[in-house]
Amino acid sequence: MTPTTPSTQSETKSPAATQKLAQALRTVDNKELKSTGFWLNQFFMVISTIFGVYLAAQSGLEQALKFDSFSKIEDNYYLRTSLFDEVNDNVNTVAEYAERLSKSPPKSEMEFFKPTLEKYIWKTMQFSPTTLETPSEFLTKIRRFYSRAEFLINAAIERKMSAKQAAIELKKITNLIKNETLPALKQNAEQLKMELKQNNISVGSLKELTNAN
C-alpha cells in the first residue's frame with residue numbers, strides 16, 4: 001500500500017480552493033459595483049430633480065414678471081383713456097360757456113350757467129400707483145387748464161375781468177388742450193394698446209383672467 005504524500009493532497013485541494021476564492025472575489029466585486037451604481041443613480045436623480053425645479057421656478061418667475069408688466073400697461077391704458085374722455089367733456093363744457101361769455105351776459109346768467117368741471121378721474125388719480133407713470137407733460141397741461149379755466153370763469157362772474165376778455169382767454173386754453181394735448185394723450189394710450197396687441201394680448205383679457213382666478 002503506497003502512502004499518500006502531503007504534497008499530493010495539497011495539489012488536489014489547491015484548484016478547488018482557488019476556484020472558491022475567485023468566486024468569492026467576483027461576488028464581492030459585483031455587490032460593490034451594484035452598490036456604487038445604485039448611489040450614482042440616486043445622485044443623478046436628485047441633481048436632475050433640483051435642476052428641473054430650478055428651471056420651473058425660473059420659468060414661473062419670468063411669466064409672473066411678464067404678467068405684471070402687461071397688467072401695468074393695461075392699467076395705464078384704461079387710466080389715460082378715461083382721463084382723455086373726462087378732460088374732453090370738460091373742454092367742451094368750457095368752450096360752450098366761453099361762447100355765452102362772449103355775448104356779455106348779465107351776472108345772474110353767468111352765475112346760473114357757471115360750468116361744473118367733472119374731476120372724478122382727475123381726483124381718483126391721486127390714489128392710483130399708475131398716475132406717475134403717465135407722462136408729466138399731460139398731467140402738467142391738464143392741471144394748468146383746470147386752474148386757468150376756473151380762474152377766468154370766477155374773474156368774469158366777479159367782474160374782475162370783462163366777460164368778453166374772459167371768453168377770449170377761455171377759447172385760447174380750450175383750443176390748446178383740444179388741438180394739442182388731447183390728441184397726444186389719445187395717441188399715447190393707443191401706443192399702449194398696440195404694445196399689448198404686439199404681444200397677442202387684447203385690452204381687457206388680463207382683467208378677465210385675474211377675475212377668473
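**Helices, cores and salt bridges in a predicted model**

S104 counts as partly exposed because its relative accessibility is 40%, where buried means under 20% relative accessible area, exposed over 50%, and partly exposed in between (1.4 Å probe, protein chains only). The model is predicted, so local features need pLDDT of at least 70 and side-chain atom pairs count only at pLDDT 80 or more, while totals for chains, interfaces and linings use all residues. Residues are numbered from 1 along each chain as its sequence is written, and side-chain values use heavy atoms, leaving out hydrogens and water.

The protein chain contains six helices and zero strands; here helices (H or I, at least four residues) and strands (E, at least two) are DSSP runs, numbered from the N terminus. S104 sits in the loop between α1 and α2 (107–112) and has a phi near 50°, a positive value in a residue other than glycine. R159, in the loop between α4 and α5, also has a positive phi, near 65°. For background, most residues other than glycine have a negative phi.

Buried residues account for 28% of the 213 residues in the protein chain. A nonpolar core is a set of buried Ala, Val, Leu, Ile, Met, Phe, Trp, Tyr and Cys residues joined through side-chain atoms within 4.5 Å. The largest such core has 34 residues, and those with the most contacts inside it are L83, V87, L101, F145 and L170. Helices α1 (6–101), α3 (120–124), α4 (136–157) and α5 (163–198) each supply at least two residues of this core, and its largest share, 11 residues, comes from α4. Leaving aside residues up to four places away in sequence, L101 touches M110, A156, A163, K164, A166, A167 and L170, a contact being heavy atoms within 4.5 Å. A second, separate core of seven residues includes F70, I73, A189 and L192.

Turning to charged side chains, six salt bridges were counted, each defined as a side-chain nitrogen of Lys or Arg within 4 Å of a carboxyl oxygen of Asp or Glu. One of them joins the side chains of E99 and K171 (3.3 Å, N to O). This pair links distant parts of the chain, with E99 in helix α1 and K171 in helix α5, 72 residues apart. Another salt bridge pairs K172 with E169 (3.9 Å, N to O); the two are separated by about one helical turn because they are three residues apart in helix α5. K172 counts as exposed at 52% relative accessibility, whereas E169 counts as buried at 17%. R148, E169 and K172 are linked in a network of salt bridges.
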